[in-house]
Amino acid sequence: MLRISAVSKTYPNGVRALQGIDLTIERGLFGLLGPNGAGKSTLMRILATLQTPDAGQLTFDGADVLADPRGHRRRLGYLPQDFGVYPGVSASELLDHLGVLKGLTDRRARREQVDALLQQTNLYAHRKKAVSGFSGGMRQRFGIAQALLGNPRMLIVDEPTAGLDPEERNRFHNLLSEVGENVVVLLSTHIVEDVRQLCPRMAILSGGRVLREGAPETLVAELKSRVWRRTVEKHEVAGHRASLNVLSTQLSGGKTALRVLAEASPGPGFERVSPDLEDVYFSALSGRTAS
């Protein structure tokens with residue numbers, strides 16, 4: 001279990017990246033959802049012991065992370081948002097090299113783990129190819145393979161599906177679901193669909209604060225009977241935004257579909273619709289409640 005208690009971080013330029021973050025994360029997939037600049041990557045780097053917070057506590061399985069960062073790293077797998085690779089080095093060779101750096105000194109055991117991880121990530125057939133020539137999806141799967149070296153008890157993945165095509169995203173989702181059966185997996189993303197499909201629990205982060213936390217279906221249920229939809233002309237959108245709690249807008253057949261949060265019908269032409277996780281997300285970011 002990971003406990004994050006009152007963690008704060010302010011950068012020298014005055015940006016308050018994190019402001020008193022409190023979260024308890026158990027085994028399985030936990031989604032950290034928020035826009036770019038919400039503080040997600042700062043929190044990921046702190047959890048990976050790449051940065052230190054200005055205040056707060058971190059414990060994992062009862063151990064103080066900040067007091068023993070080296071010990072924590074032995075229990076950790078980390079897939080950052082961007083990672084570089086050595087040009088011309090094959091997947092098998094690079095994974096073996098990373099295993100050495102991670103302290104896997106037994107050559108035979110390390111080779112067995114490398115082969116097993118390449119099989120698990122569906123890269124074994126490409127093991128002799130240079131990782132620098134991999135597609136985006138293959139490189140992300142290799143990133144998961146290196147993060148799983150040493151059988152970590154916690155895995156951090158930062159924006160793992162950004163830029164992936166739908167097929168590769170589905171393949172990556174299946175891989176994360178498999179991994180999440182046995183360890184704590186913290187998934188940081190701005191893609192609502194990733195959290196909806198994968199995570200039994202989640203938090204929405206913005207401005208360095210946790211705005212909402214809970215099970216996605218519970219958060220969605222809180223908006224039941226309170227979301228309304230209407231298609232309007234483009235020039236009408238601004239007027240509706242000024243007078244209603246507009247959650248989101250989407251182009252539909254040359255017009256704009258509004259989704260509005262309200263206890264009763266906002267007006268003629270609006271129909272009540274079932275809420276979804278995007279409604280929860282936009283409602284939390286706007287700070288609005290139905291009136």
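**A tour from a ring pair to an open sheet**

The count of aromatic pairs here comes to one, where rings of Phe, Tyr and Trp (its six-membered ring) pair if their centres lie within 6.5 Å, with planes under 30 degrees apart called stacked, over 60 edge-to-face and the rest tilted. Select Tyr281 and Phe282: their ring centres are 5.4 Å apart and their planes stand at 55°, so the pair is tilted. This is a predicted model, in which local features need pLDDT of at least 70 and side-chain atom pairs count only at pLDDT 80 or more, while totals for chains, interfaces and linings use all residues. Residues are numbered from 1 along each chain as its sequence is written, and side-chain values use heavy atoms, with hydrogens and water left out.

Tyr281 counts as buried at 6% relative accessibility, whereas Phe282, at 28%, counts as partly exposed (buried means under 20% relative accessible area, exposed over 50%, partly exposed in between, with a 1.4 Å probe and protein chains only).

Next, select the six strands that form an open sheet of mixed pairing, in the order β6-β7-β8-β3-β9-β10 (strands are DSSP runs of E with at least two residues, numbered from the N terminus, and two of them pair if DSSP finds at least two bridges between them). β6 (76-79) and β10 (209-214) stand at the edges with a single partner strand each, so one side of each is left without a neighbour in the sheet.

Now colour β6 and β7 (residues 154-158), which run parallel and are joined by four bridges; within β7, Val157 is the bridge partner of Leu79.
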